[in-house]
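I opened this entry to record what I looked up in the model, element by element and then residue by residue.

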Amino acid sequence: MYFAFMDDSSRKRKDVLRQDLGALHAYGAAIFPQESLQPYREELAQLRQELGVLAGTEFKWSPDGGPLHKKWTD
């Protein structure tokens with residue numbers, strides 16, 4: 001069995017000109033075999049512990065600075 005993880009993003013900023021096209025929407029997915037999920041879970045838990053990130057906190061590439069996100073420097 002395979003698992004797919006999907007995410008979406010949209011751009012509505014005025015500095016991204018898209019004349020007559022409206023908002024830009026992007027979708028991405030990563031597909032993994034079931035047997036790879038447990039080792040990934042264990043490594044992610046270890047990384048969270050090393051970085052002091054609470055379980056359930058979303059890892060984000062470009063955090064917005066809100067209370068659930070951490071600004072990464074490394």
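The notes below go from confidence and layout to single residues.

**Ground rules.** I am working with a predicted model, in which local features need a pLDDT of at least 70 and side-chain atom pairs count only at pLDDT 80 or more, while totals for chains, interfaces and linings use all residues. Residues are numbered from 1 along each chain as its sequence is written, and side-chain values use heavy atoms, with hydrogens and water left out.

**Confidence.** I looked up pLDDT, the predictor's confidence in each residue on a scale from 0 to 100, and found that the protein chain averages 77, with 64% of the residues scoring at least 70.

**Layout.** I counted 1 helix and 2 strands in the protein chain, taken as DSSP runs (helices: H or I, at least four residues; strands: E, at least two) and numbered from the N terminus. Their order from the N terminus is β-β-α.

Of the 74 residues in the protein chain, 7% are buried, a class I read as under 20% relative accessible area, with exposed over 50% and partly exposed in between (1.4 Å probe, protein chains only). Taking contact as heavy atoms within 4.5 Å, I found that 28% of the contacts between residues at least 6 apart in sequence join residues at least 24 apart.

Ser10 and Ala23 lie 6.6 Å apart, C-alpha to C-alpha, at 13 residues apart in sequence. Ala26 belongs to strand β2 (residues 24–33) and is partly exposed, with a relative accessible area of 42%. Leaving aside neighbours within four places in sequence, Ala26 is in contact with Asp7, Asp8 and Ser9, and its C-alpha is 6.3 Å from that of Ser10, 16 residues apart in sequence.

**Phe3.** I placed Phe3 in strand β1 (residues 2–11), where it is partly exposed at a relative accessible area of 32%.
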